[in-house]
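Hello,

Here is the structure I said I would pass on. Please open it first, then read the notes below beside it.

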Amino acid sequence: MRTERYNAREAERKWQATWDEKELFRTKNEDPRPKYYVLEMFPYPSGRIHMGHVRNYTMGDVVARYKRARGFNVLHPMGWDAFGMPAENAAMANKSHPAKWTYSNIATMRDQLKSMGLSLDWHREIATCDPSYYKHQQRMFVDFLAGGLIDRKTAKVNWDPVDQTVLANEQVIEGRGWRSGALVEQRELTQWFFKISDYAQDLNDALDRLERWPEKVRLMQKNWIGRSEGLSVRFALDKSNAPQGESEIEIYTTRPDTLFGASFIALAPEHPLSKMVAEKNPELNAFIDECRKMGTAQELIDKAEKKGFDTGLRVTHPFDPSWTLPVYVANFILMDYGTGAIFGCPAHDQRDFDFATAYRLPIKTVVCPPDQDPKTYSVGETPYDGDGKLCNSSFLDGLTIDAAKEEVAKRLEKESLNNEPVGTRKINFRLRDWGISRQRYWGCPIPVIHCESCGVVPVPIKDLPVKLPDDVTFDVPGNPLERHATWKHVDCPQCGKAARRETDTMDTFVDSSWYFARFTNPWIEDRPTERAVVDGWLPVNQYIGGIEHAILHLLYSRFFTRAMKKVGHAGVDEPFDGLFTQGMVVHETYRDKEGNWVTPAEIEIYNEGGERHAKLLSNGAPVDIGSIEKMSKSKRNTIDPDDIIGTYGADTARWFMLSDSPPERDVIWTEEGVQGAARFIQRLWRLVGDVSELKPADNAHDAAAEDAVITIRKAAHRAIIRVEEDLERLRFNRCVAHAYELANALQAELAVKKDKQVSPQWISAMQEACEFLIAIIAPMMPHLAEECWTALGHQSMIAEAAWPIADRSLIVENDIVLPIQINGKKRDELTISRQADNSSIEQAVLALESVKAALEGKAPKKIVIVPQRIVNVVV
RNA sequence: GCGGACAUGGCGAAACUGGUAGACGCAAGGGACUUAAAAUCCCUCGGUAGUAAUACUGUGCGGGUUCGAGUCCCGCUGUCCGCACCA
C-alpha cells in the first residue's frame, strides 16, 4: 500500500518540462487531421494574471486537450493585447517607457500561465505592440482606405476628459468612459472612421445564423445595431417665411400610421434648417447654444426637460393642403439618427406627449385600443402606444396599425414634391461608424501623411511599419507624438514636399479585431495572413471569454473579418463559429471595524455557535463578513493565482474552477472548495496506487466476482459516455460530478474486496476503469493524470493518448427498474425485462401489493405506460 | 421606460425532448482508527410526525393544461443584466 502523498509541485514542474521538451502542443498547419481551433480572449498585460484568467484559460485548455484526444489537429495559441492606456499611465507614474512596463508584464504573466500547465502553442505567441504585428495592421488600414472602408470626417465625438482622447459610442457606458469612468463630453473633431455602418444589415442578419452563440449576446448585438423599418416623409415648407432656397423638411418615422395625429414638426438643434433660421433669430441662436452646452455631459441629457423653440416656420400636411403644422427646434431630437427631424404625434408617444403638453399643442387620438369605442375614445393623461385600429384618420379609419402603415407608405410613394416622392420606405440603424482615432502614444500609428498639395496620402506599403518613436516624454498631458520634435515631419511620398504625419493612433480594439487570424500564421512577414492557411483555420471553432465583450470586441471583430474579406486578407465573414461567455470569479468581502477592506489572506474564519465569524490574523480583532462580490483590487477580495498554485498546485486550481458552478455562471471562490479539490487529488492518487498494486490469486474465481466485473465496467463506460456529452457542451461541472461518481464507485468496490482474493478478470476491469477515470480527468487535471498514467505502468503520456472508446452495449441493461406511480405519485418500483411488452408490464404492475392496495379490488381507470420510463396507474 | 435572463435543501448545484426532485461537491452532526491531533474510513443530512417501516408535504407566489409539471401556458413578486430622448 502506497502511503506517500501526491507532490503536485514536483509533478507539475516535471510534466510541464516534458511536454515542452517533446513539443507536444506545437501545431503544424500542414497536419492532415481535421482541424479544431479553440481560442480564449487574449489578456491585456496588466501585471499579473488574476482568477478570471485562470477560469478562462482552464476552460479553453480542457477543450483543447479533449479535442486533441479525439484526434483533431488543435490550434490553441496565446498572445497579448498589449497596447493601451495603462502602459502610458504607468510610464507617467514611473518616468519610464510604456514598452518596458508592457514587456516586463508579459514576461511575468507568461511564466504564470506556463505554471498552469496550459496546452498552448507558444511558438505562435504575438504581442500587438510589436512592430511585426502592427505593421500588418497598418497594411490593412491602407488596403481598407483604398477599398472604401474608411472615412475621414468631422463629427461630434465622445471626448474623455481624463484619458484626453476620443471614445467610440460602444466605449461610452452610461455616459462615462469605459476605462476612466469620467463623464464623457461632446466635441467636434476630424477623425478616422471605419465604415461599420455599411455592414449594419449584414451584421444584423448574420446573427441569426450564429447558432452556437449565446442568445443573450446575439440579442445585445441586435439591440446595439438597432435596425428599424420606417418611412421618410417630406413636408412642404410654407414659402412665406422659409429661408432662401428651402422648400421642404424631411422627417423619419416608424409610425406613419399616426400621420393624422401629427401636431408639430421638431428639428435637432444641429439641423441645417435650425442653423439657417438662427442666423436671423438671435433668440433661437441662444436656444441652440443652450442645447449644445447641455449636450456636453450625458448625465444632464438624461435628466433634461423637453424644451423647444418655435421657429415660426410652417409645413403642410401631406394628406391635407389646408392643414399646416408648426416647426420647432427641440432639445431631444438627435441629429445623427434618421434625418434629424420628426413629426410629433402626442397622443401615441410619450416624448411627443410631454412636449405637446408643455407647449399647449393639440393632442389628437388616432389609434383606438381593441376594447374601446372609436367614436368616444380619447387618450387621457398618458399616451397610448399599444395595438388597435385607426380612428379620426380619414381613409385610414378602421385599419389595423400595420395595414395603415402600408396604406400611408403606398399613397405617399405616389405623391410627389419637388419632383421626388413624398414618402420613401427606409431602414434605419442605430449603429454609427466606428471612430478609431485616439490622441495617444501607446497604440498603432495610423499610416497616413498629410500633404498641403496632395491631401491625405497613405504611407506606401514598402515603408511600413510606421514605428513609434522611442524617445518620448509623458510629463505633460496630451499626445507625445504630437509634440515629438522630429517624428511627424516627413516628406510627402507623392510630391516629395515637406508634409506631416498623422499623429493619432488606432483604438486598441482594432488590435484585437484580427489577432485570431494572425495566429494561423504569425511568421509570415510580407502580408497580414496567408490565405490558404487562414481560410483553413477560420472560423474559430470555440471562442471563450467574458460577457463584457458582447458588443465591443465581438462586433468589431465581426466587422473587421468582413473588411479583411473584402480586401482579400481572409475568406470568411464570421470569425467565431462557437462563442462561450464565462461567468466571473467572485469572493466574500471583509471589513475591519473602521470599515476598511481587508484581504482574505489577512483573516481567519472560525465557527462559533454554528455561525461563521472572521478575525484578523495579526491581532485577533473582529472582522465583518460582507457580501460576495467580483474579485477586485478596490474591495481587496482577490486571491492571487500564484499563491494557490504554490500551495496546492495548478491542478487543484483548475479542478475547483471547473467543479463548483456551471461555467456561464459566477463561481464563488472559497477556501473550503479549494481544499475539497485538493482532497480529491490525494484520494485519486491513493486509488490509482491501490489499483496498480493489485495481485491476482490463483484460484479466485466465483460468480460474485463476475457480477462485480460487469458493475465496474458499466460504471466506467457510462462515465466516459456522459463526459463526452458534457464536454461537447462545455458543461464542466457535470464532468467533475461524473469523475467523482466513478471514483466513488471504484473506491467502494476496492473496499468490498479488501483482504479478499481477487480474480485476474476483476483486476483488469479495475485497471480499465481506472484508466478511463484518468482519461476523464486528464483535460482538467493534466499533471495528475500523467503521474497516475505512469503509475499504472504506461511508458507513453496520456496527453498523447487517444480518448477511450466506450462500449455502448455495456450500459444497456437487460432488466430495467420502472417507477410505478399511482395517480402521478411514485408508490413502488418494478424490475422487469427490457423487452417486456405493455401487456406483460400491465399484468406485473397489477400484481404488485401496493397497486392492489390502492385499487381496493376495483379496476383501474387507466394505465399509462411510457416505454422504458415509467408506469402511471390512475385509480 | 424598452428588451432579456433567472428563482430548487444550511450553501454551490443536478434533473436530456413533461416521467422516481435534490446526482456530485461544500458545510454540519454522529461514529471508527489514534496516547492525542492531522489525515483517512463509515453513517446521517428538504420539512413535519414516528424507534422504525412508513405517511403527509415540498422546486418564489396565484391560477391553468396533462394520467403526470421544477420543466409547458396565463397572471404576479423578487433579483440580476443590457439599452435608453433612436422618432
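Helices here are DSSP runs of at least four residues, numbered from the N terminus, and a residue is near a strand if one of its heavy atoms lies within 4 Å of it. Please keep in mind that this is a predicted model.

I began with the RNA. RNA strand B is surrounded by 51 residues. The closest are Thr254, Lys306, Arg351, Arg734 and Arg869. Of the atoms of RNA strand B that come within 4 Å of the protein, 63% belong to sugar and phosphate.

Which helix gives the most to the surface near RNA strand B? That is helix H22, made of residues 732–753, with seven residues. By residue type, the surface near RNA strand B has 20 charged, 19 nonpolar and twelve polar residues.

- Tyrosine 337 has a polar side-chain atom 2.9 Å from a phosphate oxygen of RNA strand B.
- Glutamate 741 has a side-chain N or O atom 3.0 Å from a sugar or linking oxygen of RNA strand B.
- Arginine 827 has a polar side-chain atom 3.4 Å from a phosphate oxygen of RNA strand B.

Next, the backbone. Most residues other than glycine have a negative phi, and most peptide bonds are trans. The following places depart from that pattern.

The bond from leucine 464 to proline 465 is cis, with omega near 0°. Proline 465 sits in the loop between strand E24 (455–458) and helix H13 (480–483). Leucine 538 and proline 539 are also joined by a cis peptide bond, with omega about 0°. To find proline 539, go to the loop between helix H16 (531–537) and strand E28 (542–546).

As for phi, asparagine 418 is not a glycine, yet its phi is positive, at about 50°. Asparagine 418 lies in the loop between strand E18 (416–417) and strand E19 (420–421). Asparagine 419 is not a glycine either, and its phi is positive too, at about 70°. The loop between E18 and E19 also holds asparagine 419.

Is asparagine 419 buried or exposed? Asparagine 419 counts as exposed because its relative accessibility is 74%, and exposed means over 50%. Asparagine 418 has 42% relative accessibility, so it counts as partly exposed.

Regards

How values were computed
Residues numbered from 1 in each chain as written. Chains lettered and ligands numbered in written order. Predicted model: local features only at pLDDT ≥ 70, side-chain atom pairs only at ≥ 80, totals over all residues. Heavy atoms only, no water. Polar contact = N/O pair within 3.5 Å; in protein donor to acceptor, adjacent residues only side chain to side chain. Helix = DSSP H or I, 4+ residues; strand = E, 2+ residues; numbered from the N terminus. Nonpolar A, V, L, I, M, F, W, Y, C, P; charged D, E, K, R; others polar. Buried < 20%, exposed > 50% of the residue type's maximum accessible area, 1.4 Å probe, protein only.
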